[in-house]
Amino acid sequence: MEERNFRRWLLGIVVLALLLRVAWLASQPVSPDDYMVGVSAINYLENGQLGPTMWNHPGLRNLLVYASLQLLGSGVLGIKGWSLLFGILTTPLLALIGRRLLKSDLAALLAAFFWAVDTLSIDFSRQGINDVYLAFFPLLAILLACRFLETRNLWWLAGSGAAFGLGIASKWSVLFQLLASGGYLLYEVRSWRDWGGFSRIIAFFATLIVLPALVYLITFLPWFGRGYSLSEWPQLQKSMYLETAHHTRYGRPITGDHDPLVWFLRPVTFEDTFFITSRPGEENRFVVLLAVTNPCIWLPTLPAVGFLLWRGARRREAGLLFLAALFVLSYLPIAAAGRAIWLNTAFAVTPYAFLAVAFLVQRVVSDRKNGRVLLAGYLGLTLLLTVPLYPLAIGEGLRIPHMDELILRYFKAIEGSDLPKGAGEVK
Amino acid sequence: MQATPRGSLLIAVPILLAALCAAWGMDRYGKSQRSVRAAGPAVSGAVRRVVVPDPAEAFKLWRKEHQRGRTVLFFGRAWPKVQPDAFLEVPEVRNYPLPLSNYVTFLEERVLDRSTFLFLATETGIARRVVAVVSEPAFQAAQEANRTAKHQETVAEGLLVPYMGFPRIFTTLKGLSSPEEPVLVYVAADFFQGSSADELKRRLAEAGVLSDLIVLCEQAGDPEVSEGARRELARFAMLLGAGG
């Protein structure tokens, strides 16, 4: 594809991603999580305490949200600006990485398109909590690592390490992407004759182990401000790890879709329900933010990864195997966790799933007489499914006739209890 | 900077140095935030001692003195239980711009009382850790209640059960060991419903506890605290000697 055309298409997809993420954002009801993100950011920076919400995750979100609250106030951008920014920027990141690993502009654009219209990605780009960071920072790190391989400039490698550090400072699952990337880099540089042995080891050690650890440690500066010493830091990490490893919601038992084994076997959902009122004394409004995965994008994932592995091994294409490794190393620990895990954790996996599916689709439609028709049909179906799923993801589903009934039935089925008083009635 | 042996050193050495400096610097910074004043053996009589009528007054005293980053050595019949979730209200009206504020300042103004003072000390940064010396039954109850806690372990000082990462250590008078730094000592009158003043003084001396401030709380008006316990608290103050 001509470079000019690639850029035009990519720009169009980024604009689509932006529009889907900002439309009606200012009027979207503020969830309790969004509110608590602000409270927790202030608590961390001004009191050095993790929490009160999601205390078991590292504090990068708190640092960023506090900065945006100070700069932009406690409006929608102050609370959600970072998720919005990272959610939008993940779109071109996927394309740029897809180009390099899949060696196909079409596959690259498809991956970006999937992210742009995926309702889980849209949902969490519009929330204050930091799950979208799990997609953005590792992808940024991987792109910078690719730039290092292309230019042999060590600053890119250092940038990659720093980006991984920021990712780990969002959630620890980024360690798996770091592991996969480290393996890929070691493989790719094995033939660099003028850079061997100790030089390679020291550079990788410093940039991909020490630098991420340094960035991660620095994000705990507010906590150290409470008088803690370095020797007390490991105990905090242990507490955070134990909470994370056994976490099944704070307080109430977990409900909703929470089996990662079925993420790519059937459409799954993430629901956030709450009451809100515009003014004191007015009637409460029941809100359901419901992200439903698009089967056109999610369900081909496992066959697509299988195809990646097969083709990558057969043709010795390291990029394909690297992508497969990213998916496997990111998904397997989640799938094997043996406990309930909510769908938002899938952001550690979805970028690589989307790249894999994009590659499969590109291979299917390429070199076929009716390839364009097939592609158009597939994209049309994907978009067609996105249309009804979009209002669900932005919390407007209950305002749409007939859709409201479906949502309320779904809520009753998934929560296993009657609807809250004032939520509406199942007819 | 190209990937060459020289390039590797030029990139690696600064990173390694930065990491070492950061680790050392953050450790120093953390320790510098602790408000420790001239300390001595807790039983020496030379350590400043304040008697307060109510636990909330202890908190106010610590606040007034800008105590920060301390280990609080708490002596009481039991850990003062609170339900922190009950304090956390997400308002039903949530319009932009959101009415956000410092949650801890909010708590301090609204919920300070005899049961929340220690919780607030942890939240406000007065205490960075608490070692709670409680009665034997209360310690056993704490062991039982935390048997299934996600993080609980036996450490040198007792039973560690962090709350949201905040270190809380439970022990008994028999298990009291010497903290590695001068502590803020807080003795509640109800501690003497299971122990004697002589016993407490002896254990403090044996453990070599150092302090710069001892707060003795009469728990006035608390119907669960006996007058006998308050008298024993006063006797403990006399046993400590001059102080004040």
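Select helices α15 and α16 of chain A: α15(A) passes α16(A) in a left-handed crossing. The model on screen is a predicted one.

**The helix pair in chain A**

To find the two helices, colour residues 318–335 of chain A for α15 and residues 350–365 of chain A for α16. Two packed helices are described by an angle and a distance, both taken between their axes. Here the angle is about 140° and the axes lie 9 Å apart. Angles over 145 degrees would count as roughly antiparallel, so α15(A) is oblique to α16(A).

Next, show side chains where the helices touch. On α15(A), pick Leu320(A), Leu323(A), Leu326(A), Phe327(A) and Ser330(A). On α16(A), the partners are Tyr352(A), Ala353(A), Leu355(A), Ala356(A) and Phe359(A).

What kinds of residue make this contact? Nine are nonpolar, one is polar and none is charged.

**Chain B**

Now hide chain A and select chain B. In cartoon view, look for eight helices and nine strands.

Switch to a surface display. Chain B exposes about 11100 Å², and carbon and sulfur atoms supply 55% of that area. How much of the chain is buried? Of the 244 residues in chain B, 52% are buried.

Last, go back to the cartoon and follow the chain from end to end. Among contacts in chain B with a separation of 6 or more, 80% are between residues 24 or more positions apart.

Methods:
Residues are numbered from 1 along each chain as its sequence is written. Chains are lettered from A and ligands numbered from 1 in the order in which they are written. This is a predicted model: local features need pLDDT of at least 70, side-chain atom pairs count only at pLDDT 80 or more; totals for chains, interfaces and linings use all residues. Side-chain values use heavy atoms; hydrogens and water are left out. Axes are lines fitted to C-alpha atoms, for helices over the stretch in contact, and angles run from 0 to 180 degrees between N-to-C directions. Helices (H or I, at least four residues) and strands (E, at least two) are DSSP runs, numbered from the N terminus. Angles under 35 degrees count as roughly parallel, over 145 as roughly antiparallel, 65 to 115 as roughly perpendicular and the rest as oblique. A crossing is left-handed if the near helix is turned anticlockwise from the far one by less than a right angle, and right-handed if clockwise. Contact means heavy atoms within 4.5 Å. Ala, Val, Leu, Ile, Met, Phe, Trp, Tyr, Cys and Pro count as nonpolar, Asp, Glu, Lys and Arg as charged, and the others, Gly among them, as polar. Buried means under 20% relative accessible area, exposed over 50%, partly exposed in between (1.4 Å probe, protein chains only). Accessible areas come from the Shrake-Rupley method with a 1.4 Å probe; for residues, only the protein chains shown count as cover.
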